[in-house]
Amino acid sequence: MVQYNFKKITVVPNGKDFVDIILSRTQRQTPTVVHKGYAISRLRQFYMRKVKYTQQNFHDKLSTIIDEFPRLDDIHPFYGDLLHVLYNKDHYKLALGQINTARNLIGKIAKDYVKLLKYGDSLYRCKCLKVAALGRMCTVLKRVGPSLAYLEQVRQHMARLPSIDPNTRTILICGYPNVGKSSFINKITRADVDVQPYAFTTKSLFVGHTDYKYLRYQVIDTPGILDRPFEDRNIIEMCSITALAHLRAAILFFLDISGSCGYSIAQQAALFHSIKSLFMNKPLIIVCNKTDLQPLEGISEEDRKLVMEMKSEALKTVIGQGGEATSDDSVLLTMSTLTEEGVISVKNAACERLLDQRVEVKMKSKKINDCLNRFHVAIPKPRDQKERPPCIPQAVLEAKAKEAAEKEKRKTEKDLENENGGAGVYSMNLRKHYILANDEWKEDILPEILDGHNVYDFIDPDILRRVEELEREEGIRQAEEENDEFEIDGAELTPEQQAALAEIRKKKSLLIQQHRIKKSNAESRPTVPRKFDKDKQYTSERMGRQLSKLGLDPSLAIQRMRSRSVSRRGRKRDRSPEGADGGDRMDVDGDTPGKKQRLSRSRSRSRSVSRPPHEVVPGEGLKDSAQKIKAIKLAKKSVKKRNKEARRGEADRVIPTLKPKHLYSGKRSTGKTDRR
């Protein structure tokens, strides 16, 4: 099957873009460094390479354009005439011819200038020849700019053409505008053609696909055709004429018998007779549409006579294909696309007629003779008048019957569900597959089987009476336990123990009350330091009295608490007694200490208060000071780069690199060094 995919044609750039693409590619793909001190052969080779590369790029791009656009003489006549109708064959060929001429001219220019470059005697002369060669190539291409623009418009329009296979099974719909052609293709295919109540809504060919007897059929909706001379028809009508002339398809000629399309039956019959030459050797069906507005039996005698004449013309196509003249049921059909009455019958009749015609054509071709020569059917000749019916042995019949019985499908639960009302009505019986000694037990409520045992074997008939006895015994035991609960009533205690018990109960009740008060106003109660304790509940005297009552010495605890409450900075350091550091100390005039003495005191004080950074504090997760020093170094190293980057911003003063190395390095034997 030949498929014409015009969507794969490469985009055609305009003249200016074409030149930019080629020159930029030459600049990127060829060397760009040349010096005056090079040998003349090297200079010639340098510029010859640029000219040849540019010419080759022009040749490749232009050849791609010429090869990808279809040649009207080589493609199917349907597409050849369609492209001629849409784009004017002469303009199309002229544009491609100009592109071909430009390609040849660019090749000649490159050839001439390469010859001249072979005799260039200096760097300047070679460079001028290269500039002239590239300039003449670009000038030639700019002169064909209109042709490139025209081909780009043609390419864009061809990419939007429907993909029609001229050799596959095709159904072609034709007729006057607004007779229901697009509505019909929307009904039988998945195409979405615009349908409006005015003429020429469809302005081009539309394609849909439908299936019949497991075969795919191509359905083409054509624009409406008017009954006028061939020269007066526009491009829209000529698309339909082209399809009718070149596609081997079944023709559906739509006839609006209600007249709502704006054209009478006489006008539609005149169009039929004017284009009937395009229907030769093709299956033709006349479809009377819009029977919901006007049935075929209700039309006038004159219109009926015209319809019968069209029917007789359609019957001639049946006779021409080798059919019988009596088979007129599939020639004139009625339908309504609004109510969908008769739509499927029209589609089936068209597909059947087309299939019969294609089979008949294949039977008449030479290929069928080649196939028939390979087959031979042996027919035995009778030797007497005795009948000899076919005899099948009984064993074979029994084997076939047994095989058929084995193949009989066992009903599943899904089949039973469908037979008995479907889901929600049918209830599956889960017990019918129980394996029991007696099948009658399956539907019994008991016995229940649990872990392979019959539950009924473990049922005690006196279980209710025994449960009552257990409940009664349980009630008696609970009553005894309540009576045995321990309660301190104070009858067996001494007076000292009773006083302590009363104190404990009083303290307990006070704590409960305080907790309830705190819990009730916990949200609105502010947090107040203990120095504002008005009730004097948390004082050292109160703590001392409580500890004394318990028989403990409170002096050490009070002293420790007072020593911790005084701030470290406000506490004066006790002066060491004289002679503690030796009695030979020299006397100093005046009580004011010297500068070194004050400095040493401040250092000693700071040493006593502070901690060296490498000292390990419990809870840091480090085993010794060496590990801590290493961790500190790693931390400083990790933030060093980040700190360095953070110190530089957009507003900072930056001195850029004035001489980039990649521009000022390399071998410079002769000439200036300020540029390459």
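pLDDT is the predictor's confidence in each residue, on a scale from 0 to 100. This model is predicted, and its protein chain averages a pLDDT of 81. Of the residues, 82% score at least 70. One stretch stands apart from that picture. Over residues 576–592 pLDDT stays under 50. The model has zero contacts beyond four places in sequence for residues 576–592. Where pLDDT is low, the predicted coordinates should not be read in detail.

Start with the sheet. Six strands make up an open sheet with mixed pairing, in the order β2-β3-β1-β4-β5-β6. The edges belong to β2 (206–212) and β6 (332–334). Each has a single partner strand, so one side of each is left without a neighbour in the sheet. On average, neighbouring strands of this sheet are turned by 25° against each other, direction ignored. Strands of a sheet pair through backbone hydrogen bonds, either parallel or antiparallel.

Both senses can be found here. Is Y214 buried or exposed? Y214 is exposed, because its relative accessible area of 87% is over the 50% cut-off.

Helix α7 (residues 181–188) lies across β1 (170–175), β2, β3 (215–221) and β4 (250–256). α7 runs at about 160° to β3. The loop between β1 and α7 holds N178. Phi of N178 is near 65°, a positive value in a residue other than glycine. N178 is partly exposed, with a relative accessible area of 23%.

Next come the aromatic rings. How many aromatic pairs does the count give? There are 11 aromatic pairs. Take F6 and Y79. Their ring centres are 5.4 Å apart and their planes stand at 90°, so the pair is edge-to-face. This pair links distant parts of the chain. F6 is in the segment before α1 (15–29), while Y79 is in helix α3 (residues 77–87), 73 residues apart. Both F6 and Y79 are buried. Ring pairs also bring in F78, making a cluster of F6, F78 and Y79.

The charged end of R42 is over the ring of Y38, 3.7 Å from its centre. R169 lies over the face of Y217, at 5.7 Å from the ring centre.

N57 belongs to helix α2 (residues 40–68). Its relative accessible area is 6%, so N57 is buried. Which residues does N57 contact, leaving aside its neighbours within four places in sequence? They are I22, R25 and T26.

Note on methods:
Residues are numbered from 1 along each chain as its sequence is written. This is a predicted model: local features need pLDDT of at least 70, side-chain atom pairs count only at pLDDT 80 or more; totals for chains, interfaces and linings use all residues. Side-chain values use heavy atoms; hydrogens and water are left out. Rings of Phe, Tyr and Trp (its six-membered ring) pair if their centres lie within 6.5 Å; planes under 30 degrees apart count as stacked, over 60 as edge-to-face and the rest as tilted. Helices (H or I, at least four residues) and strands (E, at least two) are DSSP runs, numbered from the N terminus. Buried means under 20% relative accessible area, exposed over 50%, partly exposed in between (1.4 Å probe, protein chains only). A charge sits over a ring if NZ of Lys or CZ of Arg is within 6 Å of the ring centre and within 35 degrees of the ring normal. Two strands pair if DSSP finds at least two bridges between them. Axes are lines fitted to C-alpha atoms, for helices over the stretch in contact, and angles run from 0 to 180 degrees between N-to-C directions. Contact means heavy atoms within 4.5 Å.
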